[in-house]
Amino acid sequence: MVKKSLTVLLTTSIITLSTLAPATTALAVDDKDIENQSTYIDQLKNQKALTEQEISAVQGKIDQAIAKAQEIVEAQQELQGNIDDLKVKITDKEAEIEKREDKLAEQARAVQVSSSNSTYLEFILGAEDFSDVVSRISTVVNVVKANNDLVSEQKDAKVELDSQKTDLDNKYAQQEKNAYELEVLKDQLDQQQTTLVANADSLEQQTNDATSKLNDLVAQKETEERLAAEKAAAEQAAKEAAEKAAAEQAAAEQAAAEQAAAEQAAAEQAAAEQEEENTTPIVAASAPVQSNTPAQPASNPSSNGSNNSSNNNNSNNNANNNSNDGGSYNSGSSNNQASTPAPAPTPAPAPTPAPSAPSVNSGSVLEIAQQFIGVPYVWGGTSPSGFDCSGLVQYVYAKVGRSLPRVTYAQETAGSYISVSQAQPGDLLFWGPKGSSHHVAIYMGGGQYIHAPQPGQSVTIQSISYYAPDFAVRL
């Protein structure tokens with residue numbers, strides 16, 4: 001009977017422990033996810049290294065372009081010096097030719113060049129003697145020769161003047177060509193720098209995003225591992241508690257069974273002793289003893305029934321305990337699963353509205369531009385520390401909310417072409433052919449404009465009569 005009770009108890013315990021046995025939990029983030037993200041970051045780093053090599057190569061080209069630009073700037077300065085010297089020479093030569101022409105006119109009036117042959121002959125025939133004739137002939141020859149030399153010098157001077165003017169025109173053309181090459185070079189450098197900055201920013205952002213995602217994966221994995229460890233510890237504690245309870249229950253039932261057996265044995269022993277005491281030699285008295293013998297088995301069904309009832313009660317209690325333990329475990333498991341935090345989705349950035357460009361106020365433009373009078377010309381300069389022509393225009397118009405391209409020939413496309421005679425204050429003046437201009441200024445009205453002229457000079461106001469533009473653009 002005791003063995004049967006223990007069998008029922010152990011079977012119930014095994015069933016209970018099997019329901020409490022920890023199950024393998026599949027993690028949402030595993031080592032493979034982290035490994036893949038780490039590999040992606042390594043790929044980004046390799047790509048960044050290659051991009052940095054490309055940046056270094058492009059930077060070398062930029063350095064070469066800057067060196068070339070410096071050579072062109074120096075050539076511009078030397079060319080401008082030659083142009084200034086040539087202008088002085090032309091001015092001097094024109095004055096010299098003008099004086100010579102005055103002298104020739106005076107001589108023509110004195111000796112009547114239009115009828116010089118008869119005048120010279122009368123002069124010779126008027127001599128008093130042969131010696132005087134020779135002297136007068138020599139005088140006439142010298143006069144004629146001087147006149148001829150003066151005429152020849154005048155012709156040579158005019159030829160030289162024409163040559164100098166041609167040379168000046170060529171130098172102006174070369175200056176315009178150099179200036180346009182500088183504008184193109186400047187545009188190329190700006191585009192290269194913009195590309196480099198965009199590439200660097202993009203790689204930096206991608207690396208930061210990938211690193212942030214990796215950190216999130218690692219944190220999520222650590223959280224899941226911690227929750228799984230806590231769940232496993234709880235399950236192990238429940239298992240140990242169930243085993244302990246089963247062992248205590250088995251020990252208690254074992255002790256009760258042993259106590260019942262001992263009590264039964266004692267009762268049997270007492271009954272046997274009492275039977276011995278009551279035994280007499282009278283034969284007739286022995287009949288009741290024999291009639292009492294069947295009574296002993298009658299008490300056994302009652303004892304067995306009591307034992308069976310106790311075992312049934314114990315089985316029911318164990319089943320209830322198992323049911324309660326199982327319910328507690330399932331509820332705990334459900335709570336553990338429900339407490340696992342789900343990663344929050346990253347909100348998409350709100351789109352940035354494009355700014356609207358305000359209308360240009362010519363008064364504000366001119367007022368701002370005049371603040372920079374005296375700022376030195378710096379090739380590629382776009383700040384008050386130094387401007388080139390297009391850099392000044394771009395900076396000034398940005399101050400009134402108008403975005404313009406960086407270089408001169410690109411700024412042409414910001415408005416409509418008009419003639420110089422139609423220009424109004426705030427319009428742009430350009431030098432060079434349309435589509436390949438090399439200089440720009442801001443028209444102030446009254447035939448004046450403000451600009452950053454060239455290397456070695458500063459932002460200043462000049463007149464159209466001094467340096468006339470080729471066309472204008474209205475923004």
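Mentor: Two strands pair if DSSP finds at least two bridges between them, and strands (E, at least two residues) and helices (H or I, at least four residues) are DSSP runs numbered from the N terminus. This is a predicted model, in which local features need pLDDT of at least 70 and side-chain atom pairs count only at pLDDT 80 or more, while totals for chains, interfaces and linings use all residues. Residues are numbered from 1 along each chain as its sequence is written, and side-chain values use heavy atoms, with hydrogens and water left out.

Trainee: In what order do the six strands of the open sheet stand?

Mentor: The six strands form an open sheet whose pairing is antiparallel. From one strand to the next the twist averages 40°, with axes fitted as lines to C-alpha atoms, for helices over the stretch in contact, and angles running from 0 to 180 degrees between N-to-C directions. The order is β3-β8-β4-β5-β6-β7.

Trainee: Why is one side of β3 and of β7 left without a neighbour in the sheet?

Mentor: β3 spans residues 416–418 and β7 spans residues 460–463. Both stand at the edges of the sheet, so one side of each lacks a neighbour, because each has a single partner strand.

Trainee: How many residues of strand β5 are buried?

Mentor: Strand β5 covers residues 439–445 and is mostly covered. Buried here means under 20% relative accessible area, with exposed over 50% and partly exposed in between, for a 1.4 Å probe and protein chains only. By that criterion the number of buried residues in β5 is seven of its seven.

Trainee: What is the bridge partner of Y443 in β6?

Mentor: β5 and strand β6, residues 448–451, pair in the antiparallel sense over three bridges. In the hairpin of these strands two residues lie between them, and G446 takes a positive phi near 65°. The partner of Y443 in β6 is Y449.

Trainee: At about what angle to β5 does helix α7 run?

Mentor: Helix α7, residues 362–370, lies across β5, β6 and β7. Its direction, relative to that of β5, is at about 115°.

Trainee: Which strands does helix α8 touch?

Mentor: Helix α8, residues 389–399, packs on the sheet, and its direction makes about 50° with that of β5. Contact means heavy atoms within 4.5 Å. The strands touched by α8 are β4, β5 and β6.
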